[in-house]
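Subject: Structure for you to look at

Hello,

Here is the structure I said I would pass on. Please open it first, then read the notes below it.

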Amino acid sequence: MKRLDRLTAILIQLQSKKIIKAQMLADKFEVSLRTIYRDMLSLQEAGVPIGSQEGVGYFLVEGYHLPPVMFSEEEANSLLIGAKFISNLTDKVVAEAFQNALDKIKAVLPSERKEVLNVLDERLLVSKRLGNESQNPVISEIQKAIGKNLCCQIKYYSNYNGQVSEREIEPLGIVFYADAWHLMAWCRMRKAYRDFRTDRIGKIRITENGYDRNAHPGLKEHMQQLTDQYQLTEIRVRFKKEILRFTSNDKYNHGYVDETDLGDQVEMKFLSPSMDYTARWLLMFDNAVEVLGPQALLEHISELVDLLQKKYLK
């Protein structure tokens, strides 16, 4: 990256964050700390009001704003792809807000770049996979509550017992996994952390009750704690190479760790949170997979096969 481009990028980073560390900038732009210090000095000498706090980082003095930034073709195209995902994988309010933001970005683009985006817009498609969630403005309300440290009152449908309950929760954050958005929160009714699928939240209301954010772990820390709590089972299997293309995505859902090339076969190791879930997945590959262990998995697969035989081989 040329120095002028890096200086502009540093300004954008400074404007996008309240405070930023020099080491983070050095890592992002793959330069030394000394180079970042020189860049900061150059920006200050050019009249940019950059402040610093020893041991904390750099910041832009309040009230200073950059003029509108022109987007590159790659940046504009990536925003369009993001819009496609957001419009189909979030609620209606978030999708509309992002589309409005994208329209403002398009407004400052040259006419030829707008035309390119319009062509791409017609030829990019993300299929909806979350049922009716796009019509339920849950995610946008959760975002507001998190930003203001306010509790939420929710009506939640529990899939395991088919009952609806009312909860007051302290939201930690939202995570997308297993084809759905999940709200991680402290449930005041259960007095424990809970994982709520947002498409099962019937109603949500932000209350005036605040909560102490520092009383809870950060979202990443909470997710790591959940991972550590799982009872993981080590599983070893061998796949024939001709069917590996069918495992490339799903293997990560079963705790894929590593693999060894054995010529016409590949041996894989998994740390699976659910032996039953993995057993049913492995049955898809019939004789193209060989389970090496543990013995409990072999026995469970055998039981599943017996059930299938009793059902269909009468």
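The accessible areas used here come from the Shrake-Rupley method with a 1.4 Å probe. By that method, the chain exposes about 20000 Å², and carbon and sulfur atoms supply 51% of this area. Of the 314 residues, 35% count as buried.

Keep in mind that this is a predicted model. The average pLDDT of the chain is 85, and 93% of the residues score at least 70.

On overall form, the chain has ten helices and eleven strands. Its C-alpha atoms fill a box of roughly 85 × 55 × 45 Å along the principal axes. The radius of gyration is 25 Å, whereas a compact globule of 314 residues would have one near 20 Å. Among contacts between residues at least 6 apart in sequence, 57% join residues at least 24 apart.

How far apart are the end C-alpha atoms of helix α4? They are 25 Å apart. Helix α4 covers residues 73-89, which is 17 residues, so at 1.5 Å a residue the helix should span 24 Å, and the two values agree.

The buried residues in α4 are A76, N77, L80, A83, K84, N88 and L89. An α-helix has 3.6 residues a turn, so residues three or four places apart point the same way. You can look for that spacing in the list of buried residues.

Regards

How values were computed:
Residues are numbered from 1 along each chain as its sequence is written. This is a predicted model: local features need pLDDT of at least 70, side-chain atom pairs count only at pLDDT 80 or more; totals for chains, interfaces and linings use all residues. Side-chain values use heavy atoms; hydrogens and water are left out. Helices (H or I, at least four residues) and strands (E, at least two) are DSSP runs, numbered from the N terminus. The expected span of a helix is 1.5 Å times one less than its number of residues. Buried means under 20% relative accessible area, exposed over 50%, partly exposed in between (1.4 Å probe, protein chains only). pLDDT is the predictor's confidence in each residue, from 0 to 100. The radius of gyration is taken over C-alpha atoms; the globule rule is 2.2 Å times the number of residues to the power 0.38. Contact means heavy atoms within 4.5 Å.
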